[in-house]
Amino acid sequence: MDQALIEVERKFIPGPGTEEQLQELGGILEHQVTFRDSYYDTPELSLMRADYWLRQREGSGWELKCPGTAGVSKPHQEYVELTAEPGIVAQLCEVLGAEALGAGGVAAVLGPLGLREVASFVTKRSAWKLVLPGADEEERPLRVDLDTADFGYTVGEIEALVHQKAEVPAALEKIRSLSSMLGEGDRQFCAFLSFIIHPGVPVQETPPAKLMVYLQRFRPQDYQCLLRGHSPGEKPQGDERS
Ligand code: V4E
């Protein structure tokens with residue numbers, strides 16, 4: 001795996017006052033950008049079920065998010081993001097149990113690896129950076145993205161980038177601290193949960209990723225398979241229907 005930063009991140013539901021709160025806390029709006037993400041996987045969703053997320057982001061190229069050590073049920077997540085195509089291809093071959101493929105880039109291995117587009121949507125993003133009040137000025141800032149997807153879902157994400165695992169607990173503490181300062185989101189999230197959760201679907205501690213909401217809305221069978229950890233077409237355990 002190529003030298004990569006560890007992303008420690010936590011999502012929240014922004015409220016109408018979130019941007020003002022960020023400003024009051026000394027946050028700086030770095031840029032506003034609009035981009036399309038197209039996600040790829042096998043028909044069995046082999047990547048997503050293993051917590052690998054392959055996408056082509058307009059303006060950035062190919063990206064593969066690989067799982068870190070934090071479990072998906074924790075309120076924060078750790079991922080290593082690969083952006084160099086040879087590293088992505090090598091990792092894809094490993095996860096999919098395929099023989100190493102030549103150096104033709106990601107697009108060239110989609111067909112041979114059975115990968116096709118499973119989701120595509122546009123995001124409008126306001127990207128903020130912020131050093132928490134009272135923190136050392138030299139400290140690496142937290143990043144806060146406020147995203148609105150073209151299918152009508154808004155979500156925020158607080159992210160810290162660290163070089164080593166040992167730095168994760170401190171990064172997490174800062175994320176928690178900012179998250180509670182933007183605390184209104186928790187109440188909104190509870191209301192949001194009661195709106196989206198179906199009976200029998202496990203309650204998540206953090207708001208869902210845009211992709212998960214997309215799959216829930218537009219590919220509900222794939223979404224259920226992902227939540228339940230079996231592949232599409234496979235009968236879920238305990239499901240006696242023929
Ligand atoms: C990691 C992940 C997904 C891929 C998209 O990641 P996300 O952080 O939502 O991307 P984005 O565009 O909002 O931010 P950026 O990458 O620009 O910083 S989709 C779902 N997950 C994780 C996940 C999971 N494994 N299981 C469940 C139930 N939810 C979420």
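Author: A polar contact is a pair of N or O atoms within 3.5 Å. In this predicted model, a polar side-chain atom of K210 lies 2.6 Å from an oxygen atom of the ligand. R125 also has a polar side-chain atom facing a ligand oxygen, at a distance of 3.0 Å. For K11 the corresponding distance, again from a polar side-chain atom to an oxygen atom of the ligand, is 3.1 Å. The protein covers 90% of the 660 Å² of accessible area that the ligand has on its own.

Several elements give two or more residues to the shell around the ligand: β1 (6–12), β3 (53–57), β5 (77–82), β8 (153–162) and α7 (210–218). There are 20 residues around the ligand, and those that come nearest are D51, R55, R57, K65 and K210. By type, the shell divides into eleven charged, seven nonpolar and two polar residues.

L146 is found in strand β7, residues 142–149. Its relative accessible area is 10%, so L146 is buried, the cut-off being under 20%. The C-alpha atoms of L146 and A127 are 6.5 Å apart, although 19 residues separate the two in sequence.

Next come the nonpolar cores. The largest has 38 residues, and L54 and L178 have the most contacts inside it. Helix α5 (residues 168–181) supplies the largest share of this core, five residues. Leaving aside neighbours within four places in sequence, L54 is in contact with S38, Y39, Y40, L47, W62, E63, L64, I88, L92, V106, L110 and L115. Another core, of 20 residues, lies apart from the largest one and has L45, M48, F121 and A149 among its members.

As for the whole protein, its secondary structure comes to eight helices and eight strands. Of its 242 residues, 46% count as buried. Among contacts with a separation of 6 or more, residues 24 or more positions apart account for 63%. The accessible surface of the protein is about 12,700 Å², and carbon and sulfur atoms hold 50% of that surface.

Note on methods:
Residues are numbered from 1 along each chain as its sequence is written. This is a predicted model: local features need pLDDT of at least 70, side-chain atom pairs count only at pLDDT 80 or more; totals for chains, interfaces and linings use all residues. Side-chain values use heavy atoms; hydrogens and water are left out. A residue is near a molecule or strand if one of its heavy atoms lies within 4 Å of it. A polar contact is a pair of N or O atoms within 3.5 Å; within protein, one must be able to donate a hydrogen and the other to accept it, and residues adjacent in sequence count only if both atoms are side-chain atoms. Accessible areas come from the Shrake-Rupley method with a 1.4 Å probe; for residues, only the protein chains shown count as cover. Helices (H or I, at least four residues) and strands (E, at least two) are DSSP runs, numbered from the N terminus. Ala, Val, Leu, Ile, Met, Phe, Trp, Tyr, Cys and Pro count as nonpolar, Asp, Glu, Lys and Arg as charged, and the others, Gly among them, as polar. A nonpolar core is a set of buried Ala, Val, Leu, Ile, Met, Phe, Trp, Tyr and Cys residues joined through side-chain atoms within 4.5 Å. Buried means under 20% relative accessible area, exposed over 50%, partly exposed in between (1.4 Å probe, protein chains only). Contact means heavy atoms within 4.5 Å.
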